[in-house]
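Me: I would like to go through this model step by step. Please show it to me.

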Amino acid sequence: MLYYILRRIIYIIPISLAVSLVCFMLVHIAPGDPIDAMVQPDTPQEVIDRVRQEYGLDRPLPVQFGVWLLKVVQGDFGTSLIKGRPVLPDLISASSATFILACTGGLLGFLIGCVFGGIAGVYRGTWIDRVFLGSAVAGVSVPHYWLGMVMVIIFSVNLNLLPAMGAGPGGSTEWAWDWEHIRYLILPSLTLCVIPAGLVTRTVRGLVSDIMSQDYITTLRGKGLRRSGIVWHVVQNAAPTVLAVIGLQLANLMGGSILVETVFAWPGTGMMLNTAIFQRDIPVLQATTLVLALFFVVLNLLVDLVQTTIDPRISRR
Amino acid sequence: MSTTYSNELAAAAPARVRREDSYWRGVGRRLLRDKATLICGSILIVMALLILFAPLIAPYGPTDGGIARRLKPVGTPGHLLGTDELGRDMLSRLLYGGRYSWFVGITPVVLAFAIGGALGIIAGFAGGKVNMLIMRVTDVFYAFPSVLLAVAVSGALGAGIMNAIMSLTIVFIPPIIRVAESVTTGVRNLDYAEAARATGAGSPSIILVHVLPNVLGPIFVYATSLVGVSMIVASGLSFLGLGIKPPDPEWGLMLNTLRTAIYTQPLIATLPGMCIFLTSMCFNFVSDGLRTAMDVRA
């Protein structure tokens with residue numbers, strides 16, 4: 001077990017290296033010379049050569065990768081081509097905005113999924129089950145960027161209850177947990193929670209109905225255990241798998257909130273990525289993708305370790 | 001007599017049985033009993049036909065329009081579903097748009113099924129170093145959230161249908177490899193594969209005769225479960241401006257350009273999204289139904 005945990009942690013290193021390589025190669029899979037993305041079309045040749053040298057683009061690819069990686073490890077994610085300032089500070093503030101959004105959406109999805117899935121699992125095979133399971137399939141099928149628009153139409157345009165865009169009054173980027181800011185969080189996080197809610201519902205339903213049909217539950221019933229006692233047994237047995245699902249979903253929300261962030265102009269990594277793509281701001285694109293992917297890798301590791309630790313049925317060597 | 005016999009057999013043993021047709025007959029019977037799958041399957045067939053024959057059905061061309069007729073409400077005479085922000089007929093654009101949305105949504109899954117399935121079967125069958133190589137590379141691509149990978153790759157490649165399809169294919173290959181590998185590893189160690197090897201059958205013939213027929217089903221069912229997601233992400237790429245380029249109609253792109261109309265014609269602005277939602281949901285229900293009917297555990 002200890003061996004497994006150690007091995008799993010060490011395995012992070014080659015994976016992270018390979019992930020960095022993929023992020024680095026993003027510039028080079030683009031058709032044409034990467035320099036074209038950095039300078040205006042009518043730039044004189046001397047300037048192009050100078051820029052090429054400055055960015056080390058005249059050196060062989062493996063050397064370029066090594067230099068880039070060495071800088072990244074030291075916390076230097078390069079300089080934005082458009083803004084002309086280091087990427088890191090912007091990336092940190094954007095990541096925290098996305099983190100707030102992803103956590104709220106993930107938590108909402110988790111709660112809704114547990115309730116829906118629990119009810120569907122207990123009433124398996126009845127019309128209640130079919131309704132909840134149907135809504136779960138609908139949940140994972142929703143194009144969330146469309147749902148975001150529908151939410152804006154209902155709550156912002158028609159009812160004028162909640163703001164449609166941004167993450168604070170007057171376009172402020174400083175987050176605070178007061179009503180003035182939370183108002184801005186409601187619609188995006190509701191939009192974001194639908195897919196994890198659907199997935200958790202399916203998982204919980206499957207687990208609960210499986211566990212309820214096990215022999216030991218019948219035994220517990222037979223010896224007269226109260227309903228609340230049986231629920232506790234079911235929760236204990238379902239928890240590891242459900243936690244794993246929601247952990248992975250949280251990681252997916254961090255990286256996948258780009259569409260929702262675009263709809264609601266939420267100042268997170270998704271918006272940053274979107275802007276970087278259209279301005280061909282390659283350093284920002286590389287850095288954002290790398291940070292989100294590394295976050296995903298670490299969260300995957302944590303989920304795996306937590307699951308191994310709390311679930312006695314899993315024994316890994 | 002013989003039909004009753006095979007029916008009983010199929011009911012008793014849902015797995016592949018001696019008579020070639022009885023497994024599929026069982027699958028068919030289970031599908032016919034599954035109302036949700038039947039309804040969703042029929043909706044998909046109707047949509048596919050409408051999209052296929054769009055040039056015959058659509059009252060206007062997908063890019064015909066004049067600014068004078070912009071944003072007419074749903075039910076306007078001559079424009080059943082109204083007009084968009086440039087005065088183009090919504091019904092026609094939805095019909096033509098479906099061609100792009102379906103094409104960009106389904107093609108990556110088909111490609112990933114072929115490529116990922118082949119790689120996964122090879123990895124599972126060969127084992128050893130080949131397995132190591134294929135599965136470790138898969139791990140790397142697994143380390144990216146799917147939407148992020150799709151956006152980053154097509155962002156780097158630039159907008160366009162082919163780039164969108166390519167980036168989505170890259171996203172879906174790793175999960176299919178994983179499923180194919182694990183199913184193949186399971187089958188390879190079963191007695192009949194061992195027996196074939198013992199009687200001197202070579203690897204190609206074992207793969208063709210014993211492995212393929214038993215692993216294709218589960219891999220196929222898993223691939224169908226990806227179509228719903230693929231439709232959403234494909235249209236999402238266009239929504240971001242990374243897929244189909246204007247003025248061509250595509251549901252995600254239409255949704256984006258109609259965002260300016262949410263104050264004046266909210267119903268029209270959301271129509272393309274409803275199409276994506278309906279398609280994706282029907283694919284998911286059909287995939288669920290197939291999984292149950294084919295008795296695949298994954």
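Me: How many residues of chain B are in contact with chain A?
Reply: This is a predicted model, where local features need pLDDT of at least 70, side-chain atom pairs count only at pLDDT 80 or more, and totals for chains, interfaces and linings use all residues. Residues are numbered from 1 along each chain as its sequence is written, and chains are lettered from A, ligands numbered from 1, in the order in which they are written. Contact means that two C-beta atoms, placed from the backbone, lie within 7 Å. On the chain A side 38 residues take part, and on the chain B side the number is 34.

Me: Which helix of chain B supplies the largest share of the side that touches chain A?
Reply: Helices are DSSP runs (H or I, at least four residues), numbered from the N terminus. α6 (128-142), α7 (146-157), α10 (203-240) and α12 (266-293) of chain B each give at least two residues to that side. The largest share is 11 residues, and it comes from α12(B).

Me: How many helices are there in chain B?
Reply: Strands would be DSSP runs of E, at least two residues long. Chain B has 0 strands. Its pattern along the sequence is α-α-α-α-α-α-α-α-α-α-α-α. The helix count is 12.

Me: Where in chain B does pLDDT stay under 50?
Reply: pLDDT is the predictor's confidence in each residue, from 0 to 100. The mean for chain B is 84, and 92% of its residues reach 70 or more. The stretch that stays under 50 is residues 1-14.
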